[in-house]
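Please find below a short note, prepared for a reader who is new to structures of this kind. It is arranged as numbered points that may be read alongside the model.

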There are 2 protein chains.
Amino acid sequence: MIQQIAPQTGVAFTLKKGERLKVIDLWGTQVSDMVLFNLHDTREKISSGKTMDFEESILISTGNYLWSNRSRKMMKLLDDTNGRNDFLLAPCSPETFQIMYNNPDYHPSCFENLHTNLKPYDILPDDIPTAFNIFMNVQFDDKGKLSVLPPLSKANDYVLFEAQMDLIVGLTACSAEDSNGGTFKPIGYEVLEG
Amino acid sequence: MIQQIAPQTGVAFTLKKGERLKVIDLWGTQVSDMVLFNLHDTREKISSGKTMDFEESILISTGNYLWSNRSRKMMKLLDDTNGRNDFLLAPCSPETFQIMYNNPDYHPSCFENLHTNLKPYDILPDDIPTAFNIFMNVQFDDKGKLSVLPPLSKANDYVLFEAQMDLIVGLTACSAEDSNGGTFKPIGYEVLEG
């Protein structure tokens, strides 16, 4: 059954080794930030630096693994119908909107939506790592200059993951204007038995 | 006074706000991995994801800042005579040599040299983030494919940092063959008063 994450919110849930997670861009042009923790020891978590090192790529898609800070595989990407994800940029946070959007007011953020939903698992704000940003379209040139462009994903594009260990998953419908082509949409997800 | 970090080892020390740190490639073609923690609360630490987000660049050099997981500036790069550093890849660890070098034997690593030297500050192995890899020459193509090439740094090339807060610094002379053109050399560093 497909669950919906409302616009600019998030969820957290457990996923057992061998189970699959399908993250679906229901309407298109919507990013979903995902963080992963070892269910049995939350000090082990997803690591962008370990993943890019072992996968030898900035871009992570079908066939690649997401690795932990302890150099272990957490997820395999079984399928990716859109093919563009980001693993460079930290989740949008209150400071993102203050510093980069020059907005002093309250603004929902993936950072807040991750740490508030992960609190029942004793995961604190400082524990939130750089997320795997599903459908996020961050372009880079040969000098390394980064540009956040609207996602290339169309309605019902999805990424299908397979858990390589027992996991806690934090997942959002991203809250940042620039990352989502200016509109906030829901994200769908479905847990499939192994 | 210039201190030397022996080949394949590391150090840790404190640096006060306003003090400057000069990291010197004494012989050339040698990488130095650097991690940073808030001296007064070590749960605040250097973040590759926050740095690339706020600096809008994969490549970090003169004029850029290194940011923390709490979206605060930790260091400013005042000068960089070589101009190529890496902030994508995690520090080499025992698993790097097992998985990527197919070497089952003990091998020194930046990860070990960081966490053993940072232990007196109550920083544990799981606390080590992706390091800022000074002089490391990681090339990427337009598809995001990564290649670790010998550093472009010549003897006495340096990066000069200015602390933006009171810091604990972990610093290595990197232990990985591919990152250092096949030979292990010392790294120099000097703390200059603000």
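The points below consider the annotated domain and then the interface between the chains.

1. The model is predicted, and the remarks that follow should be read accordingly.

2. For chain A, an unreviewed UniProt entry places the feature "domain: DUF1989" at residues 4-168. Within this span, 14% is helix and 35% is strand.

3. Chain A and chain B are in contact, with 35 residues of chain A meeting 35 residues of chain B. About 3,100 Å² is buried between the two chains, and carbon and sulfur atoms give 53% of this area. Of the area that chain A buries against chain B, 19% is supplied by Arg43(A), Met100(A) and Asp126(A), which is more than any other three residues supply.

4. Charged pairs also deserve attention. Eight salt bridges are found across the interface of chain A and chain B. One of the salt bridges joins Asp126(A) to Arg70(B), and their closest N and O atoms are 2.6 Å apart. Twelve residue pairs are in polar contact across the interface of chain A and chain B.

5. Which helix supplies the largest share of the side of chain A that touches chain B? Helix 1 of chain A does, with six residues. Helix 1 (48-55) and helix 2 (94-99) of chain A each supply at least two residues of that side.

6. The residues on the side of chain A that touches chain B comprise 14 nonpolar, nine polar and twelve charged ones.

Notes. Residues are numbered from 1 along each chain as its sequence is written. Chains are lettered from A and ligands numbered from 1 in the order in which they are written. This is a predicted model: local features need pLDDT of at least 70, side-chain atom pairs count only at pLDDT 80 or more; totals for chains, interfaces and linings use all residues. Side-chain values use heavy atoms; hydrogens and water are left out. UniProt positions are given in the numbering used here, feature names are shortened, and annotations may be inferred rather than shown by experiment. Helices (H or I, at least four residues) and strands (E, at least two) are DSSP runs, numbered from the N terminus. Contact means heavy atoms within 4.5 Å. Buried area is the accessible area (1.4 Å probe) that two parts lose on being put together, summed over both. A salt bridge is a side-chain nitrogen of Lys or Arg within 4 Å of a carboxyl oxygen of Asp or Glu. A polar contact is a pair of N or O atoms within 3.5 Å; within protein, one must be able to donate a hydrogen and the other to accept it, and residues adjacent in sequence count only if both atoms are side-chain atoms. Ala, Val, Leu, Ile, Met, Phe, Trp, Tyr, Cys and Pro count as nonpolar, Asp, Glu, Lys and Arg as charged, and the others, Gly among them, as polar.
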